[in-house]
Amino acid sequence: MICKNCGKELSSNAKFCTKCGSKTELGDMTSAETQSAEVNPDSVSEPESESTYDSAASSGSDYTEPAENTGAAADIIQNDGFSSGDTEYIPAEPEPAAPAKLTAGRVTGAVAVSILTVIFLILFNLIFCTRIGLSSDIVKSSADSLSMETILELSYDDNQTVAEYIYDNIDSKFISESGMECKDLKSIIIKSDLKSFIADRAESYAAYLINGSKSKDPSLTADEITEFFQDNEDVFEEELGYVYGMTKEDYSELTSSLEDEDFDEALSVGNLKNLHLIFSFITIGVLLAIVILLFIWIAIILDKNYKHIMGFIGNNLLIAGIIFLVPSVVFLIGSSIAAVYGGSAIAYICAKMLLPFAAVAACTGVFEIIVAVIFKKIKKHIKKTQVKLLAR
């Protein structure tokens, strides 16, 4: 065999030229036969169903061709989650439900309940902070921190210091006989155990009125004032010398004088003996339960619309927290100024005694604001989730 392209002599069964690579006549014939075999209909196998049909037709028997799923039947199969040719059930993905819209009536009702909730929250904060910040131990500690030197130098009114006011109200006869001056009075008060006496008495009042102690009535009496002077006789004698000379008759006269001034009645807690019930932990628990029930009521009114529920509860906590935090911070700043720069004796004493209460109130306000921010974050997350679902 000779190659038609280059003339090289080839073997009789060669399909390609070994020199130039061109196809020989045998290679062209083989390719044509292969293409004929690929398109030859006789080589394609018949479907089994057609063979069955031909077989039935030739035999003369009845054969009914299966009907195709069309129309409503096909729709039913498709909607039930089956796809064409599948045998496995594929559940259809549910459409995202749009959040229910709130009516004006529900929003108005939720606002009304929210106002009531804020009122009870403030009441809860006030009683809770009083119970914690003005307990007997804390009151005693605050009273011990008072400086008698500072108090005596502070003003009682615009014209007099506390020491001058006390000195002017002492019996003139005693002043003339003892020769006591204002500086002597200040020295006597500082050296005496007056501060401890006041701290112990303040603790008794707080234990009885706030803690609910079942001890005896802590009301300060004229006899106890007289007893205080008797216990500090050595201080008076040290400052005033032998001139002091208080007798039993003098002490009796002092007691009678205090009683004539209705001293006992002024410091009596007889009408406030049940005040501790307000500040009991039972009352605090009841108020907390009422607040929780009001939150649940808001959720019911808003028909389980979680985005708005989180928003309303967050706003309630935020308002109550700010109402308690701002005055507490102002008081803490004012008390610091009063402690450093002095001024009124009343302001100084109140700043010292109420400082723990203000600190607890400030912490309570901060806590409620933090919880409110968390609720608002949850509201934003729910809102974003709903927007994404509706955008699908």
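Student: What percentage of the 392 residues of the protein chain count as buried?

Tutor: The model is predicted, so local features need pLDDT of at least 70 and side-chain atom pairs count only at pLDDT 80 or more, while totals for chains, interfaces and linings use all residues. Residues are numbered from 1 along each chain as its sequence is written, and side-chain values use heavy atoms, with hydrogens and water left out. Buried means under 20% relative accessible area, exposed over 50% and partly exposed in between, with a 1.4 Å probe and protein chains only. Of the 392 residues, the buried share is 29%.

Student: What share of the contacts with a separation of 6 or more joins residues 24 or more positions apart?

Tutor: Contact means heavy atoms within 4.5 Å. Among contacts in the protein chain with a separation of 6 or more, the share from residues 24 or more positions apart is 67%.

Student: At what angle do the axes of H5 and H17 cross?

Tutor: Axes are lines fitted to C-alpha atoms, for helices over the stretch in contact, and angles run from 0 to 180 degrees between N-to-C directions. Helix H17 covers residues 345-391, and its axis comes within 9 Å of that of H5. The crossing angle is roughly 145 degrees.

Student: Which residues make the contact between H5 and H17?

Tutor: By class, this contact has five nonpolar, one polar and one charged residues. Here Ala, Val, Leu, Ile, Met, Phe, Trp, Tyr, Cys and Pro count as nonpolar, Asp, Glu, Lys and Arg as charged, and the others, Gly among them, as polar. H17 contributes Lys-352, Met-353 and Pro-356, and H5 contributes Ile-138, Val-139, Ser-142 and Ala-143.

Student: Is Ser-142 buried or exposed?

Tutor: Ser-142 is found in helix H5. Leaving aside neighbours within four places in sequence, Ser-142 is in contact with Lys-352, Met-353 and Pro-356. With a relative accessible area of 6%, Ser-142 is buried.

Student: Which helices hold Lys-186 and Glu-153?

Tutor: The side chains of Lys-186 and Glu-153 meet in a salt bridge of 2.1 Å, N to O. This pair ties together parts 33 residues apart in sequence, because Lys-186 lies in H9 (residues 182-191) and Glu-153 in H6 (residues 148-153). Lys-186 is partly exposed at 22%, and Glu-153 is partly exposed at 46%. The helices are thus H9 for Lys-186 and H6 for Glu-153.

Student: Which residues are linked with Lys-183 in a network of salt bridges?

Tutor: Lys-183 forms a salt bridge with Glu-181, the closest N and O atoms being 4.0 Å apart. Lys-183 is exposed, with a relative accessible area of 57%, whereas Glu-181 counts as partly exposed at 42%. The residues linked with Lys-183 in the network are Glu-181 and Asp-184.

Student: Which residues does Val-107 touch, not counting those up to four places away in sequence?

Tutor: Val-107 lies in helix H4 (residues 104-133) and is partly exposed, with a relative accessible area of 32%. The C-alpha atoms of Val-107 and Leu-302 are separated by 7.2 Å, although these residues are 195 apart along the chain. The residues touched by Val-107 are Leu-102 and Phe-312.

Student: What distance separates the C-alpha atoms of Tyr-306 and Ile-378?

Tutor: Tyr-306 belongs to helix H16 (residues 306-341) and counts as exposed at 52% relative accessibility. Tyr-306 and Ile-378 are 72 residues apart along the chain, and their C-alpha atoms are separated by 9.3 Å.

Notes
Helices (H or I, at least four residues) and strands (E, at least two) are DSSP runs, numbered from the N terminus.
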